[in-house]
Amino acid sequence: MTNLTRPSPRRERRSILPWLAAPALVVFVAFAVVPLVGVFVLSFTTWDGIGAIHPSGLDSWRAVLTDPGLPRALWVTFLVMAVSWAVQTPLSVLLGTFMAGRQRYRAVLGVVYFIPLMLSSAAIAIAYKALLDPNFGLGAGLKIPLLSQDWLGRPGLAFGVVVFVVSWQFIPFHSLIYQGGVQQIPKSLYEAAQLDGAGRIRQFFGITLPQLKYTIITSSTLMVVGSLTFFDLIYVLTEGGPGDATRVLALDMYKRGFQASLMGPASAIAVILVLVGLALALLLRRLGGRDAGASQLEGA
Amino acid sequence: MALSRRTLLGLAAGVPVSAALAACGSSGPGGGGGATYWYLNGQPQEGVRAGAVDAFNKAHPKGKIKDTTFQNDAYKTKIKTAIGAGQAPTIIWGWGGGTLRTYVEAGQVEDLTSWFGEHSEIKNGLFPSSFGAATVDGKIYAMPCEVVQPIILYYNKRVFDQVGVKPPQSWDDVMALVPRFNAKGIAPFSLGGQSRWTNMMWLEFLFDRIGGPEVFQAIMEGEKDAWSHPDAIAALTKVQELVKADGFVKGFSSITADSNADQALLYRGKAAMMLHGAWSYGIQQADGGDFVSSGSLGYMNFPPVDGGKGDPGNTVGNPAQYLSISSKAGAEEKKIAKEFFATGVLQDEESKKWIDNGSVPIRLGTEKLLAASKNADFLQFTYDVASKAKVFGQSWDQALSPAAAETLLDNIAKLFQLGISPQQFATKLNAATAK
């Protein structure tokens, strides 16, 4: 090895670096690009998942686009996205700011807050379903009428429960992101503010929030794009019901594909899902502004 | 030079991945000797099924069956996916009817007609009515097995005594009972509405009692606007009247039948009545403490509707369960499966276990066993309902094609939510089932 003539380190790095991306690329192609192309092709066919695949042109697309279930599912998806974003973001920012403090008790609480994130969505959904059962659940057991509502059986309530459980599960994750963001803000900014006589609340709105701009965009992107794919939790909790009150696009796709055996229309919905996800991610990047690389920190 | 090296490296990187991908798919048929068999879990039925497999394996150490169990609602999806992916088990457990037809049309299951021809003693030993849902275009594609399961109206006698009322003899009685129970804080009917097929049973009976079996027959034959038949609309309207009168337990839309919570409501006295399959008797016996053994569980056929055309003796439900053989299985596995059909299905031991659990096996000549059972009354009742019904309608979601069944179940949930009117329901279903 040492006897071999070595090329200059710079050249070596340049020739090897692209190859380091190869494993990730192969996995990405095998598990994302290939299925995506497959789904796109399937959306122009008729297939019941069992028999032969017949090409059928735009039939599936026509069926999906004229079905009143699609705008309904899109609307529910959008609502889940918007409401859970509106619930999660302020709570996560506040919790993240709180956890960023150096005191011991804050660190302990931070660990406690983190627990929901370690549970699987299916387990969370089963637990909440049992707790919220109007006849055998928490409210009925403790004889508290306020808690023994028909939580998952009434459209509005079921929607609220879905948003609540989603938030309960993911707020810890986003709090963590904000905690990191807050800890990066230079102390000197706060010291200067204190000298100018700014109180805690003024400091939060005047320094913390503006400094967290990019953290908010990152966290929001994760929330918004992630909420497009909510499936397991809603499937176990409500199966999209009652009626179609919580039937989001991902669930609609699954039901069409695997319960109704209509793989063509289900694939068309999958393509729509991909397009909506890409559009949202692009939009959020735009919102981040052209100077996304610019520092928000000291001296910016 | 650079190009060839890149190609080589690409190949080297690609091979393990494709090998890994291929390995993912090798757990299905042919995966190392013996036949595979998937069926539903949930006691007490699971124990009987597993017992039959164990007994068969003990007698056939060289050609064993490996069994795997699934939850009801999950299985319906899983089995379709597995068959479509060429990963079906050797023995496919199912409900016959429309789903079996899709398997047949895709060439995924063995034609058993000639096998039954050679083994006529097997065919002649089973309820003749069980072969209808196993037959597609005149050929038999499944072996009927297990038990006959009509849908039964169960009621809690303790609750009826407590309120001081009698079981309903007509639909008007049903509607009159609703406020009586509600006044005492007892739900008139338990219902696991999130599972949707539970709601469907109500429509199956109301369609039959009001319009006779012809109404659904027309739907099955793909007749245009069959759901808009006046009797169909009347049945849909009646069920919504019952919902509006608070006939069903609070929160029925979020109760799943797979959890047996709907049955717990009945035996715990939180609900007075429940429309459910004959299999529910065994579950209530197993889970309900002394509810069944103390004679507190009442049962009857669905009451007639005044002025209705249907015979009050008609019933609906599952005429049997069905075992098919995957056409993709190897010759050795198929042989084991057929051996299982001939010597492993509904043997004396299994039949006896079904009877102990309060079910009527579809084997002929079990009258003595039925009469000797501790559940003799219920078994005699089930046997009579099943054998004396002029029409034994197959469950709609099993009779229809999967796509039509999904539209049906979806809209039934909305109908029970009062989210759509009977007319809207009919319009949507007409589009789904008309040929």
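This is a predicted model: local features need pLDDT of at least 70, side-chain atom pairs count only at pLDDT 80 or more; totals for chains, interfaces and linings use all residues.
I'll start with chain A overall. Chain A has 14 helices and two strands. Its C-alpha trace spans about 75 × 70 × 40 Å along the principal axes. The radius of gyration of chain A is 24 Å, whereas a compact globule of 300 residues would have one near 19 Å. As for burial, 32% of the 300 residues of chain A count as buried. If we take the contacts in chain A between residues at least 6 apart in sequence, 68% of them join residues at least 24 apart.

Now the helix pair. Two packed helices are described by the angle between their axes and the distance between the axes. Here the pair is helix H4 of chain A, residues 69-99, and helix H8 of chain A, residues 155-184. Their axes come within 7 Å and cross at roughly 40 degrees, which means that H4(A) is oblique to H8(A). The crossing of H4(A) and H8(A) is right-handed. Which residue classes make up the contact of H4(A) with H8(A)? There are 15 nonpolar and 10 polar residues in it, and no charged ones.

Last, the other chain. In the contact between the chains, 28 residues of chain A meet 32 residues of chain B. On the chain A side, the elements giving two or more residues are helix H2 (22-42) and helix H13 (249-259). H2(A) supplies the largest share of that side, four residues. By class, the chain A side has 14 nonpolar, nine polar and five charged residues.

Notes:
Residues are numbered from 1 along each chain as its sequence is written. Chains are lettered from A and ligands numbered from 1 in the order in which they are written. Axes are lines fitted to C-alpha atoms, for helices over the stretch in contact, and angles run from 0 to 180 degrees between N-to-C directions. Angles under 35 degrees count as roughly parallel, over 145 as roughly antiparallel, 65 to 115 as roughly perpendicular and the rest as oblique. A crossing is left-handed if the near helix is turned anticlockwise from the far one by less than a right angle, and right-handed if clockwise. Ala, Val, Leu, Ile, Met, Phe, Trp, Tyr, Cys and Pro count as nonpolar, Asp, Glu, Lys and Arg as charged, and the others, Gly among them, as polar. Two residues are in contact if their C-beta atoms, placed from the backbone, lie within 7 Å. The radius of gyration is taken over C-alpha atoms; the globule rule is 2.2 Å times the number of residues to the power 0.38. A residue is buried if 20 or more other C-beta atoms lie within 10 Å of its own, exposed if 12 or fewer, and partly exposed in between; C-beta atoms are placed from the backbone.
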